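Morning, everyone. Please bring up the model on your screens, and we will walk through it together.

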Amino acid sequence: MSVGQRSAIIDIGSNSVRLVVYGGPPRAPFTLFNEKLLAGLGNGLQEGGKLSKGAMETALGALTRFRRLVEMMGVSDVQVVATAAVREASNGEEFLDRVAGIGFTPRILSGEEEAIGAGYGVLSSIPDADGVVGDLGGGSLELVRISNGHILKQISLPLGSLRLAAIRAKGPSALNQTLKEMLKGQGWISEAAGRPFYLVGGSWRSLARLHIHRTGYPLPILANYEMPATSAAQLVRMTSKLDKSITKTVPSLSASRIPGLNDAAALLASVVRQLGPSKLVTCANGLREGLLFSRLADDVKALDPLLEDARAEGDRQGRFDQHGRLIHRWIKPLFDDEKRQYARLRHAACLLADIAWQANPEFRAERGVQTALQGSWTGASHRDRAMLAATLHASFGGGDALPDMLARLATPAELIMAQSWGLAIRLAQRLSGGTEDPLENSRLALLPETVRLTVSPCQSELVSDQVQRRLKSLANVMGRKPEIVIETIS
């Protein structure tokens, strides 16, 4: 998928049928359109082994609409995949023949393929993920061991959300015992103890939404939301008496998910008991994004999704072509000792350095914070968002007082570091006016007692009072004094 080309995934699941249309850079595609219908194809499979006529007709109606939509949107790259319900149904092939009659080329994913897709989905958004992915669908639970960008082991279990109530009805320990039996002989499960457990699937994401609400967490974004492993047991208690009235206080919580949340929480608690993870991490990407990611060339997979996202957004909103790249190179000497996890955030902030110029000057800092916190940044943790927000707040002249919520997402030292990035960006923009030559003919250096700005004589007239004030602000936050030197740049 090239930049600007649209691609679509149609996921025929056990509970829902969904169409997602993607655009943007291949390494960090963004959602252009997302629609689902609860068809319930998986209901009743245990009794008769067939997809019910009503569920099939409901799903086919949705798929007919989806076919028309992708045609109108000009999407030619469409993958249509079916998972557990169709895979297990005795009339699954008959159903897919009718899907083909609509004009699609559907395929059934094996349990292993479904697991691998979910694993790649997590790796597409968290490249350094090292732990176990759990993808809870309507018909199955996939567990996937990932590390160093690779899928190491995987297993698909018949423990989808539609099956859990029947298992739990057998007794209070039935679900835990069932999971334990299914995992016998899977030595890699115990070997992954002490590493994160990555949550994929609508039911588990709904649990994360509920946890955000009940704990008063300040940033209601599911992607990379982290919970202690002990939260699984807490969520069982939270959902034990839950009813649909909760949607009045948590509008983002789907009413259709409410009845099954206690079952999903119980399964999560059982998984935590068996795996012993260090923490729970909610993932926005899953099977669909994994299907896209798996088709990319290795060199594209190796790109940082946050930087690809930031580059695309900076190009869309910025005034000056490639100016973020120049700023990144120009301020880098001040921060050469930083760890990689921070260097990539500084790079992303530079690429976003011009995104708020169209806002009213009184609200540019606010726009920068809003964009950093609320944007669809693939590969950004909540701490990363907070540091980007602090950087853009400073670069757009927001002053020293940061929004209070940032202190709950990042440490004081990290926020000060981010402010220094923002002030360096602000200095670069004032000195250069968005042009290349001033940055090519000047240098920044971090010395034991000063932050030195060296400017070539041919650009010396650009060293205005405002430039000097911005250098002083930068030096102060870095615990040094400002210094300006006019000499030829070698």
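Some ground rules. This is a predicted model, in which local features need pLDDT of at least 70, side-chain atom pairs count only at pLDDT 80 or more, and totals for chains, interfaces and linings use all residues. Residues are numbered from 1 along each chain as its sequence is written, and side-chain values use heavy atoms, with hydrogens and water left out.

Now the whole chain. The protein chain has 21 helices and 14 strands. Both are DSSP runs, numbered from the N terminus: helices are H or I with at least four residues, strands are E with at least two. The radius of gyration is 25 Å, close to the 23 Å from the globule rule for 490 residues, so the chain is as compact as a globular protein of that length. That radius is taken over C-alpha atoms, and the rule is 2.2 Å times the number of residues to the power 0.38. Along its principal axes, the C-alpha trace spans about 85 × 45 × 45 Å.

What about burial? Of the 490 residues, 53% count as buried. Buried means under 20% relative accessible area, exposed means over 50%, and partly exposed is in between, with a 1.4 Å probe and protein chains only. Then contacts, meaning heavy atoms within 4.5 Å. Take those between residues at least 6 apart in sequence: 70% of them join residues at least 24 apart.

Next, a sheet. Six strands, in the order β8-β7-β6-β9-β11-β10, form an open sheet with mixed pairing. Two strands pair if DSSP finds at least two bridges between them. The edge strands are β8 and β10, each pairing on one side only. Neighbouring strands here are turned by 25° against each other on average, direction ignored.

Look at β6. In β6, 6 of 6 residues are buried. On one pairing, β6 and β7 are antiparallel over 6 bridges. Gly134 has Leu143 of β7 as its bridge partner. β6 and β7 also form a hairpin, with 4 residues between them. On another pairing, β6 and β9 are parallel over 4 bridges. There, Val133 has Tyr198 of β9 as its bridge partner.

Now go to β10. It is joined by 3 bridges to β11, residues 279–282, and the two run antiparallel. Pro228 stands opposite Lys279 in β11. Helix α9 packs on this sheet, touching β6, β7, β9, β10 and β11, and its direction makes about 105° with that of β6. Angles run from 0 to 180 degrees between N-to-C directions; axes are lines fitted to C-alpha atoms, for helices over the stretch in contact.

Stay with α9. How is a pair of packed helices described? By the angle between their axes and the distance between the axes. The axes of α9 and α11, residues 261–275, come within 9 Å and cross at roughly 95°. The two helices are therefore roughly perpendicular. The cut-offs are these: under 35 degrees is roughly parallel, over 145 roughly antiparallel, 65 to 115 roughly perpendicular, and the rest oblique. Ser203, Trp204, Ser206 and Leu207 of α9 make the contact with Leu261, Ala264, Ala265, Leu267 and Leu268 of α11.

Two loop residues next. Most residues other than glycine have a negative phi. Asn148 has a positive phi, near 50°. Asn148 sits in the loop between β7 and β8. Asn224 has a positive phi too, about 65°. Its loop runs between α9 and β10. Which one of these, Asn148, is it, buried or exposed? Asn148 is exposed, because its relative accessibility is 68%. Asn224 is buried, with a relative accessible area of 11%.

Last stop, another sheet. Three strands, in the order β12-β13-β14, form an open sheet with mixed pairing. β12 and β14 stand at the edges, each with a single partner strand, so one side of each has no neighbour in the sheet. The twist averages 20° from one strand to the next. Strand β13, residues 450–455, is joined to β14 by 6 bridges, and the two run parallel. Thr454 has Val485 of β14 as its bridge partner.
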